[in-house]
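Read the paragraphs below alongside the coordinates.

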Protein chains: 2
Amino acid sequence: MLRIVQCVPNFSEGRDLNKVEEIVSVLKNKKGFNLVSYEPDKDYNRTVVTLLGDPEAIIDALIPFTDKVLHLIDMNYQTGEHARMGAIDVIPFIPIQGVNMDECIVYANKVAKLINDQFDIPIFMYAEAANKKTRVKLPNIRKGEFEGMKEKIKEEKWSPDYGKPEIHPTFGVIGVGARIPLVAYNIDLDTDNTKRTGAIARAIRFSSGGFRHIQAGPVLLESRGHTQVTMNILNYKKNPLYRVLETVKMEASRYHINVPSCELVGLIPKEALLKTIKYYFQVEGKEFNENMSLEEITKYSIEYIGFRDFDKYKIIEANIN
Amino acid sequence: MLRIVQCVPNFSEGRDLNKVEEIVSVLKNKKGFNLVSYEPDKDYNRTVVTLLGDPEAIIDALIPFTDKVLHLIDMNYQTGEHARMGAIDVIPFIPIQGVNMDECIVYANKVAKLINDQFDIPIFMYAEAANKKTRVKLPNIRKGEFEGMKEKIKEEKWSPDYGKPEIHPTFGVIGVGARIPLVAYNIDLDTDNTKRTGAIARAIRFSSGGFRHIQAGPVLLESRGHTQVTMNILNYKKNPLYRVLETVKMEASRYHINVPSCELVGLIPKEALLKTIKYYFQVEGKEFNENMSLEEITKYSIEYIGFRDFDKYKIIEANIN
C-alpha cells in the first residue's frame, strides 16, 4: 500500500492572487504528491493548501514553499479576519493510508527542524505532536497572534519547540502539528449581524459550553455580504456535521435568520459525509446504502447539507489513485 | 436578608412508601427550613428530598434523618435503575440567598464531619467541596457503586475525606458536596428501546462528545412503559433546557421516536425557565417579558417544554417566603 498523508499548510495571503499563484507554483506538478487544492479567501486573507501523497516528497517541497512565502509575505503589513501568527501559520500532517499517527508526528518534527535550521523561523509543535499539554490546542499557542507573539515567545512557558525565543521579524512563527482529519466547516447565515452570529457560535463551541469537539466563531464575509459560523470539527465521528448544522439552525431560528448554505475549507473524509447523509435518510425514512458511490455522496451532500462550491474532489478518497 | 440554602439529599428507597414516609417524617414541620418536596421513584428506587432554608437548621435535621435511613435501608438488598453508593447517596448544598459558595463548602464539611463522627459512615466531598480534582465529578467517585466501593475505598487514591477506608456494612458511603443549582431534567421518549435512547443520550452528553455541562444516560421506566434520557444539567446558563430538548428531538427524529413530555426532579431556578421560555417566544415572534409572574412561567413551561407533574412549587423562588 502507498504511504499517504494529507498536509494542509495555511499561509497568510488570500487577496493578492499573483502572490498566491507564485507561492503555490512550487507545489505544482511534483513527483510523489498532488496539490489537491488551494483556496485563497479575501476576507480571511489566507490560503488553505491541501497536499496529498508521499510524506517525504511533501516534506521536500515544503522547503522551497517556505522560501517563497518568506520572500513574498511580510506579517507586519498583513491583516485579515482569520487569526494568524506566521506567514505560514500552520502545517498539519494527517495520516490517511499506510501511515499511523506516530509516524505523522515524526514527519512533523522532521519538517519543523528543517525549516528552523534553514530559515531561523521558530516552530511550535501542536495537536498530537505537542510536547506540552498547553500546546495541544492551536488557539492557545496562537493567542495574541503575530503582534503579541513578539513578547509572548520570550516567556519561558512559550519558548518555541524549535528555534530561539524570538519571532522571525517578517515571518513570525509556525505551528507544525499532527492530527486526525479535521473538518473545516463554515455555515452561512443570512444576516450581517456579527453579534447574533457570535451568540450562535457560542451555543455550539466547546469553550462556551457547546459540543466537545467544536471550535467556532463568527466572521463577517464582507465580499459576500453576510456572516458565517466558521468552525473546526476536531472529531467528526463524535460531532457529526448534521448535528452541528441542525443546532445552528435551531439557534438561528430565534433570530429568524436563515441558513441558506455552507462550505468546506479543504477536504473531508468520505465517512464524515456518509454519517450525515445517513441521518437525513433516516429522518426521511429512506433506505441508506453505506457503499454508495462518491458521485452519489457528492449529490446528497449538496442536497442535504447545502454545500456551495462543492464537488467530488472535496472528498479525500476521490484524490487517492 | 435571610440566609437560605437548598439542600437535596437523595436516599436509596423509592418503592416502600411506608419507609419513605418514616424517613422524611423527621424533616417535616421543622423550624428554620421547609421540606419543599420528596419524590420517590419506583424505577430508580430512590427518593430526592428538597430542603430550603437556614443552613444550620438543615444541618441539625440531617443527623436524625441519617439515623432513620441507617435503620431502615440495608444496601446489601437494594436494587434500582439509579447508580448509588450509599443509603443516603448524596447531600449537596446549594447557595440560594445571602450565602456564597465558600460558605456552602463550610456547611458541607460541617455536616460530613458530624455524620462521620456519629455514625461511622465514610464521606467523600464532591463538586465545589471536592478536595481532589478526581473527586469533582460525582460519577467518578460513585463508579463501581455500593458493591464496588467495598474494595475501591481501600485504594489510597479513593480514601474517604472523612472516616476510615472501609464502607459502612449496610449504609455504604455518602457524597457530600456544594454546587450551583443543578437541573435534574428527564426527557420522555415514546419508545421502550433503551439502545436507541442510549444513542440519543450520547449525542448530548459531554462524556461522549456532547454539550459541555450535560451528564446523561438512558433509563427504562418499566412502570410507565417507556424510556427517558435522564440528565443533570450542571450549568443551565451555558446549556439551557431548550437547546438540550431540541437536540434530543433532532436525534430522536432519525428513529421516528416522539418526545411527548419531560419532567424535573427537584427544583429549578426561575432564571433557567425564563431562558427557555424566551427562546420559544423569540422563535414564535412573541414579545417576551422578563418580569412575568411565577404563574405565567409555570403555564409557559408546561406549554413549551412539555413538563408533566409540574407546578409553581417546582420553581425555587416559589418556595422562599
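Predicted model: local features only at pLDDT ≥ 70, side-chain atom pairs only at ≥ 80, totals over all residues.

Residues are numbered from 1 along each chain as its sequence is written, and chains are lettered from A and ligands numbered from 1 in the order in which they are written.

Two copies of a chain are related by a rotation about an axis and a shift along it. Here chain B is superposed on chain A by a rotation of 180 degrees with 0.0 Å of shift along the axis, at an RMSD of 0.0 Å. That is the relation of a two-fold axis. The superposition is by least squares on the C-alpha atoms of residues with pLDDT of at least 70 in both copies. Within chain B, B:F211 comes closest to the rotation axis, its C-alpha lying at 2.2 Å.

Next come the strands; helices (H or I, at least four residues) and strands (E, at least two) are DSSP runs numbered from the N terminus. Strands pair if DSSP finds at least two bridges between them. Strand 1 of chain B (residues 4–7) pairs in the antiparallel sense with strand 5 (residues 88–97) of chain B over 4 bridges, and B:Q6 has B:I94 as its bridge partner there. Strand 1 of chain B also pairs with strand 4 (residues 46–53) of chain B, again antiparallel, over 3 bridges; in that pairing B:V5 stands opposite B:G53.

Chain A has an open sheet of 4 strands in the order 9-10-8-11, with antiparallel pairing. Its edge strands are strand 9 (214–221) and strand 11 (262–265) of chain A, each pairing on one side only. Strand 8 (residues 183–189) and strand 10 (residues 226–233) of chain A are joined by 7 bridges, with A:I187 opposite A:V229. Helix 7 (residues 241–253) of chain A packs on this sheet, touching strand 8, strand 9, strand 10 and strand 11 of chain A; contact requires C-beta atoms, placed from the backbone, within 7 Å.

Key. Contact = placed C-beta atoms within 7 Å. Axes fitted to C-alpha atoms, helices over the stretch in contact; angles between N-to-C directions.
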